[in-house]
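Here are some worked exercises on reading a multi-chain model. Try each task before you look at its solution.

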Amino acid sequence: MSKNVLHVENLTMQFGGVVAVDNLTMDVNEGEIVALIGPNGAGKTTAFNAITGVYEPTNGQVSFAGEKIIENHPQGKMKKLYAGANADMYRHILVKTPDELTKLGMARTFQNIRLFKSMTVFDNVLTAKHLRRTSNIFTATLKLNRKEEAKMRRETEELLKLVDLYDVKDEIATGLPYGKQRKLEIARALATDPKLLLLDEPAAGMNPQETEELTKFIHYIREKFNLTILLIEHHMNLVMDISDRIYVIDFGKEIAEGVPAEIQSNQKVIDAYLGVSEDE
Amino acid sequence: MKKLISVVMALAMTMMLLAGCGAAAAGGGNEGLTAYVLAEKGDTYSLGLANNFKTAFEANGGTVVMETFPTNTTNFSDYLQKALDNRADVIFAPNSTTVAANLLANADDLGIECPIMAGDTWESSVILDAVAGTDLEVYCSTFFDESDSSSTSAKDFVSGFKGWLNANADYKEMNGGNDIVAAVSALGFDAYNVAMTAIRAAAEEKGSGLTSIDVANALWATSIDDAVTGKIQFDQNGDAIKDSAYIKKAGSGAFEFVKVQTSPNNAAQGKAVDYGSATGVSLDTANKKIVIGVYEPTSGNNAAGGKQEVLGIYYANSLDDTITIDGEDYKVELYVSDNGSLEENAVTAASNIVGQGALVSLGSYGSGVSIAAAQTFEDAGIPAIGVSCTNASVTEGHNYYFRTCFLDPFQGSVMAQFAWETASK
Amino acid sequence: MWNQNKRTICNLLLVAALILTLVLIELLAPSTSMWFSVLRKVCTFALAAVSMNLLNGFTGLFSLGQAGFMLLGAYTYAILTIPVDMRSNVFRNYGDSLIRFQMPLVPALLLAGLIAAFFAFLIGLPVLRLKSDYLAIATLGFAEIVRGLVQLQNFGPVTNGPDPINMFTAPKNILVYAAISGISILIIVLIINSTYGRAFKAIRDDEIAAEAMGINLAHHKRLSFIISSFFCGIAGAMMAMCNTSVSSVSFTSAMTYQILLVVVIGGIGSISGSIIAAFIFYASSEWWLKFLDLETYTDAGAKIPLLGPGFRMVVFSILIMIIVLFFRQGIMGTREISVYDGILRIKNLFMKKSVKGGVKDE
Amino acid sequence: MNILSYLIRGLATGGQFALVAIGYTMVYGILKLINFAHGELFMVSGILMIYIVADFPMLPIWLAIFLMVVLTVFIGFLIEKFAYSPLRSAPRMSVMISAIGVSYLLQNLVSYVTGGLSKQFPDIPVIGESIRIFGVKDKLTVFLSPVIALVLMVILVWIINHTKFGMSMRAVSKDFETSQLMGIKINRVISITFAIGAFLAATGSILYFAKNTGINHLSGANPGLKAFIAAVVGGIGSVPGAVVGALIIGVVESLAKAFGLADFSDVISFALLIIILVVKPTGIFGEKTTEKV
C-alpha cells in the first residue's frame, strides 16, 4: 500500500443546528485520484472547505502526509448544540490557515473561479510563486533577490508552456474563455508546488468536449507533477473516467466508498441520486 | 455579549475611580471665589487666554476649575452643569462666536445666573442674538468702544463707518446685517493706517527705491497718537503698547460700555531690528501701484470676525488710497487672501499675498493662522501687522510680525481682575 | 525585452525632464512666485496620496487613518529638529521641552516615518482583522484619538500641547521636497513591482484565493499597513516643513478625505495618477481658483455675481462630484504614465513619421 | 455632584443622535454604504428651518416645520438620485467616496450661503419651553428626546417587520438581484429608505437645534460622527441597535464629563468604538455573516 497523503477522521461541520458534514472519514493515498461526490447540498464543498482550513470544523481531525493539520472539538455554545458523534474524542484545537496548508503542499481551486482579476495570466501564476520566496521585503524592494525573481519568472514561463497557456500570458486573466480560466486556476495552484491538489468542481459549466479535454489534462498533470488529487465533481462521466476511488456522501454522511465500478452499481448511491433531475 | 458587558463594566469602574479623585480634588479650598474656565481643545487662542486668566485669578486667591471641549462641540450643557456643581461665581469662556452661540443658549436653559465672560472675540452680533431674550449676564473685553467720546478720531470713525456700511448693502451683510461697529473693524482701520504711515515714511526716505524691508524698518519708528483704538507704537516685540481694555456687557441689541480696565504697560518703543541682507519686495514702479495684503479668514469658523476686520480695512482704504512717491501717485490696492480659519491653509494663503507683490500684509483674525503664516512673510521679507491676534507667540521670535492689539496675558489678567471684582459684589 | 527597455528609457527621460523643470523653476522663478509654496505642498500630498494608494489601491485595505499617521510624523519631525536654543521659546507655556537635542533633517525624517510605522504596527494587530468599512471606521477613530491625545496640555513638555510648534528645520528649496517625495515614491513603486507588491495586489483582487495560494493575509496586510504608514509619517514631516509650523488641529478627518479625493481623482491603483492629481488638486484649490473667493467688479463697477468668500470651495466640491460620478476611473484608472506608449499612440494617430525627442504625455 | 442631570442630558443627546443614527443604519443595511453625508443633511435641515422662518415670517411655526421636513426629505431623495444611484454597480469604495464628496459639497455650500456665520435656530414652541424635572432645569426637548426616539424606533421596527414595504426592504438588504427577480422595485425601496432617514434626521435636527441653537456649516460634523459611532456600536444595519448605541454614547459622554474626564470626551467615544469593533466587529445587535466560498 502506498503512502497516505490525506487522512480525514470523524470530520463534523455544524452550522447552528444544521449538520452539514457528519462524521466523515476518508483517506487519500499517494498518486491516487479520489473523487468526493454526492447530490446537490450533500455537503461536499463544506467538507472541502473544512479540510482546506477555510472553515473551522466543529469536530474531527485531518492529517496531511502524516502531520496533523486540523483538530477541533465542540466548544462554547456548540457544546450543547452539538448533534454529531465522537464529541469527546478530540481534546486539542488546531486549525491551520489556508496559507499554511498551501505551504505544506496542499493547493486548491474554487468552484466559482477565483482568479486575480486585474492581473495578467502570467502574473496570476507568478503570484503563486510568492510563498516559496526566500527574500524579505527589503531585499525584494531593493531588487537584491534578482536571481530568485528570475527563477520564479522562468518557472512560471515553463509552467505556462506546459499547460499551453503561454501564448495568452500577457492577457488579463478574466478576459480568457471559461475553459482556459479553469486551466489557469489549476496552473496557478500547481505553481505552489503541491503534493496534493484539491479540485472543486473543475468541470462545472463545461461542455462535453471541454470536459474530455479536462480529463486528459488532469491525467497529464498528475503524471507530470507526481500529484495526488482529490476532487469534487458533478459530471459523472468525468468522475468515472478519472477516479481511482470514489467517496459518496449524502446529507453530510458517507454512504459509499469504492472503485468506480462498485459505486455505479451501489444501490444506496442510486437511491440518493434518484429523483434528482439531471439539470439541477 | 459577555465580553461586551465586562468591557462596559471596566469602563464604568475606571470612571468611578477617576470620579473619586476628581471629587476629592474639588473638595479642597472652597473658601474664596471660584471661576469655571472653558476652553476649546487645540485652539491656541482659547487655551492661551484661558490659561492667562487662570493664572491671574488664582494669584488673587481664587479657585479655578478649567476644562476643555473638542472642536465642533455643539452641546455645552454638561460643561455648564459642571460650573453649577462647582458653584462657580463666574464663568470664563474665551471661545469663537460659533461656540458662544450654543454655549449661551445652553447656559440660558440651565438657568446660569453667574456672569459669563470672554475675550475680544465675543464682541459680535452673534453674541447679541444669543443673549437676546435671556437673563444672562455676559461680558467681554475689547479693544475699543464706539461710544467713547473722549477721542475725536474714534467718533469720526464710528459715524463714518456706519454711514459707509449703510450705504452699501454687501458690506452691511458682511458685518452681520447690522451697523454695529465691531472693535476688530476699528483695529483693522488702524492697522491699515499704520501701514500707510509706514509706507509714506519709507517713501520719504528712499523714494521710489523703497522695498518692503524699508516699510518694516519704518514700522518700528511709527507712532500714531490719535488712532481710533488709542495711541499705537510698537514695543521691542512688535506689539502695540496698550494699557487699557474696554469691558462691555451684551445688552439687548447692543453692547453696553461697562468700564475701562487698565493695567500699566511700561514697555518702550522698540528699536528697528537688523534685517541683514534681506531684499524684500520692491515698489512696483511700472504699474504705479502698491499692494497691501489682507490675510484674513473670510470663511470657516472665524469668518464673522475676519470679515469685520476686512471691513475696517476696506473702509480705511476707501478714505485713503493714494501715496505720492517721488512726485508720482501710487494707487493702493488691497488683496484679500482667505486662510479659511485653518492653520494648514496659512502658508498658501500667505504665499498668495507674497505672490501679489504686497509691500505689507494685514491680519489675521485668529492667532493660530497668524503664527502659521509668520515664517512665510518673514521669508519674503514682508512685514505683517496682526490686527486682533492676541496670542503672545505671534510676534515673539518673528521680527516681521507686528500687531495693533493687546496681548492675551494682558487681557487674561484684566478679565481676571474684572471677574474678581464683579463676583465679589 | 527591447520594448521594455525603450519604455524604461522613455520614463527615465520623463523623470529627467520633470527634475529639469523643477530646477529651472527653483532657479528662474521670482522668489515671490506661487510655484514654490504650491509645489512644496504638491510634493507632500503626492507622497501622502501614493502611500494611501499603496494601502487602498494596491492592497484593497480601506483605511482612513492617514491624518493620524501624518500627525505622528509631523510632530516627531518638528519636535526633533527645533534648535536647542529655541526650545525654551517654543515650549514657553510648558516650562521647557523635555527633549534637549536637535537632529539633522534626514534622521528626523526617518524617525518620523518609523514612529508612524510603529503605531501602525500596534493598532494593526487588532484592527486589520476587520473587513472593509469597519476597518475604515476603526482607523478613522484611531486618527481622532491620536489628535485628541496630542492636544492634551498634560503632554505639553513633549508635544507643546495645543500650541503650534514652529522654529524647526524647514528647508525652502523645492528640490529638497521633490527629492524626499521622489525617493519615497520610488521605493513604493519598487515595492509594488516586487513579489510583495504582487502579493498585495492578489489580496486586493481576491482575499480567499490569495490565502489559498499561500499568502499569509495577516502578515501581508500588516506589512502594507506599516509601509503605508511609514511614508504617511514622512509626508506628515514634509507637511510640517512646508507649513513651517505644526498644529494638531490641522490633522482632521477632512485632511484624510482630501487625500482620498486626490487618490480617486488620480485613479485608485495608479501611482502616476496620484501624483498628477495632487498637482492639479492643490494648484487649483490654492492658486488657480483663488480668484473665485474675491469679490470682483467689472470696469463699469458692477459686481460679478456669485464670486465671494467661500465660492471657490463650492465650485471645487462640484468639480469633485463630477469626477467622482462621471469619471469614476479618475485621470489614469489603474494605468501608469508611459511616454513610450504615448508616442506610439500619437504616431498611430497621425500615421506620420515619429517626432523625435521631448513629447510630453500628460 | 448631580449625576442625575448628566444622565438625563446624556439620554437626551443620545435620543437626538439616535434619530440620526437610524438614518445611517438603514442606509447601511440596504446599500452597505456609510452615508457620510447624513450628518450634513442633519445640519442642512437646521439651516433650512432658519431660512424658512426668516424669509417667511408670516408662516405659522408648524407649517414652517412641515415645510422644512418636506424639503429635507426632498434633499435626501435628491442626494440618493444624483450621487448614489448612478453608482449602483460600482465598487463600494466609489459610493463611499461619493458620499464624502456630497458632505464636502453641502458643507461648502452652506458655508458660502451663510458666510460661515453661526445662525440662531428659531424658538420652537412647547419643546423649547424651559421646565424643571427632578431638580434638573432644561428645555422640554431634553426630556422628550429619548422618548420620541424610542417611539419612532418602535414604529419603524413595526414597519420593517410587519408591513409589505418592510418585507421588501429586508429582502433588498439581503440580496439585490433576487429581490429584483421577485418583482421588488429596488430603486423605489432605496428611495423610500433614504426618505425615512432624511425624515428622521429632520426630526432629530428640530429636537437637537431647539436646544443647541447656534448652527453653522460645521454643526453637522460632530452629531454626524457621534451618531455614526452609535450606529456601529449598536450594530450597523439594526434599528434598535442604532438607538441603543446612541443612548450608550450619549450617556457615556455625559458621565465622562461628570467625572472630570471632559478633556478626553472625544477620545472616549472613539476608544469605545474601537474596543467594540475589536471585541465584536458587528456591534451589539449586528448579525454575523460568513462569506461564501
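## Exercises

Chain B is divided into domain 1 (31-143 + 243-264 + 408-425) and domain 2 (153-234 + 269-405), with bounds that come from an automatic or database domain assignment. This is a predicted model, where local features need pLDDT of at least 70, side-chain atom pairs count only at pLDDT 80 or more, and totals for chains, interfaces and linings use all residues. Residues are numbered from 1 along each chain as its sequence is written, while chains are lettered from A and ligands numbered from 1 in the order in which they are written.

**Exercise 1. Describe how the two domains of chain B meet.**

Start with the separation: the C-alpha centres of domain 1 and domain 2 of chain B lie 29 Å apart. Next, count the contact residues (C-beta atoms, placed from the backbone, within 7 Å): 19 come from domain 1 of chain B and 21 from domain 2 of chain B. Now look at the domain 1 side. Helices H2 (44-59), H4 (97-110), H5 (125-131) and H13 (408-424) of chain B each supply at least two residues there; helices (H or I, at least four residues) and strands (E, at least two) are DSSP runs, numbered from the N terminus. H2(B) gives the largest share, four residues. Finally, sort that side by class: six nonpolar, 10 polar and three charged. Here Ala, Val, Leu, Ile, Met, Phe, Trp, Tyr, Cys and Pro count as nonpolar, Asp, Glu, Lys and Arg as charged, and the others, Gly among them, as polar.

**Exercise 2. Which elements of chain D supply at least two residues of the side that touches chain B?**

First the totals: 42 residues of chain D are in contact with 40 residues of chain B. The elements of chain D are helix H1 (3-31), strand S3 (136-139), helix H9 (221-234), helix H10 (239-258) and helix H11 (265-279). H10(D) provides the largest share, five residues. By class, the chain D side has 15 nonpolar, 18 polar and nine charged residues.

**Exercise 3. Why is H12(C) called oblique to H13(C)?**

Step one is the geometry: helix H12 (residues 253-266) and helix H13 (residues 271-288) of chain C pack at about 120 degrees, with axes 7 Å apart. That angle makes H12(C) oblique to H13(C), because angles under 35 degrees count as roughly parallel, over 145 as roughly antiparallel, 65 to 115 as roughly perpendicular and the rest as oblique. The axes are lines fitted to C-alpha atoms, for helices over the stretch in contact, and angles run from 0 to 180 degrees between N-to-C directions. Step two is the contact: C:Val262, C:Val263, C:Ile265 and C:Gly266 of H12(C) meet residues of H13(C) including C:Ile276 and C:Phe281. The contact has seven nonpolar, three polar and no charged residues.
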